[in-house]
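Please look over the sequence and the model first.

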Amino acid sequence: MTHAWMPKSPCGDGCLTEGAPTVAFPRRVLRFTAAIGVIFGAFLSAPLVLVLRGMPRERLVRLLFAGILRSFGVRLRVLGDESFRAVPGRGALVVNNHISWLDIIAINAVQPMRALAKKEVGTWPVLGLLVRRGGSIFLDRENLRSLPATMDELAGAMRGGSLVSVTPEGTTWCGLGSGRFRPATFQAAIDGGVPVRPLALRFRLADGRETTQPAFIGPESLIASLRRVAALRGLVLEVHVCPEIAPGRASDRRELAALAESAVQAALGRVQIPAQRRRRGAPAPVPVVLPAPVPAAKVPGS
């Protein structure tokens, strides 16, 4: 069942960039074998994840998610605010542009957190188990009547001190194109009185070229996407940590969504930061023009 408000993306096979270097078939098999080994290790360490608290638990979870990235030959590169870490007892809404199933793995390799995920993710092999064990909040996108209760649960989680990862585009895009940030989940940040932390994600090859090959788009299956990612050589996933948007910075959820979307696009060097809506009696905003984007440094191939 679908409805008019269901997020849609025009991205498909035609968006996939060409010319990406690949590894030989035996190397792909080794990568899947390594990923299975990491997942088996996650099963064995599950009791520790449940028992440990604080930094020891975070280090273990980061190690597991980073291990999945490494098993697929993905190098993680974190840019921007390197101080991005959870502050005990202080929740936040963490938002990012959505490209691939690798997104949530990379974010948790940087900072473990809960996630707002579509209910279908909970049924996925491997990733679904990890997401459920991470305390995810599941959203039934086909049932709009359940949205208020889900947003109340999200606000309560953040008010209780949890970081929660959300993809406000509502679906995946190829990375070269992107969708608008829908405002619904930003109301939970306002209700919870917590800041918003935007993250901008981008995939590159070892020579610095941006690639859409890891994108999970169109009607393809998760298995097909896994196989394509396992075949890539020298894949780099960049996570740009944008400045935090403090509570009260925006007058409503639409303005807050626009601020977060602008921060992500600015980090990717794609757009001009739009002027915010003026409150009564406030001085006119000064337009901010972004400098020309600086080409990313080359990362040696894996």
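Which residues point one way from β6, and which the other way? The model is predicted. V196, P198, A200, R202 and R204 point one way from β6. R197, L199, L201 and F203 point the other way. All of these residues are buried.

## Burial of β6

Strand β6 spans residues 196–204. The strand is mostly covered, with 9 of its 9 residues buried. Buried here means under 20% relative accessible area. That group includes the arginines R202 and R204 on one side and R197 on the other.

## Neighbours of β6

β6 pairs with two strands described here, β2 and β7. Strand β2 covers residues 92–96 and runs parallel to β6, with 4 bridges between them. V94 has R197 in β6 as its bridge partner.

Strand β7 covers residues 235–241. Its pairing with β6 is antiparallel and takes in 6 bridges. Here F203 is bridged to L237 in β7. Both R197 and F203 belong to the set pointing the other way from V196.

## Pairing around β3

Strand β3, residues 114–118, pairs with strand β5, residues 163–166. The sense is parallel, over 2 bridges. A115 has S165 in β5 as its bridge partner.

β3 also pairs with strand β4, residues 137–139. This pairing is parallel too, over 3 bridges. Which residue in β4 does A117 stand opposite? The residue is F138.

Key
Residues are numbered from 1 along each chain as its sequence is written. This is a predicted model: local features need pLDDT of at least 70, side-chain atom pairs count only at pLDDT 80 or more; totals for chains, interfaces and linings use all residues. Side-chain values use heavy atoms; hydrogens and water are left out. Two strands pair if DSSP finds at least two bridges between them. Buried means under 20% relative accessible area, exposed over 50%, partly exposed in between (1.4 Å probe, protein chains only).
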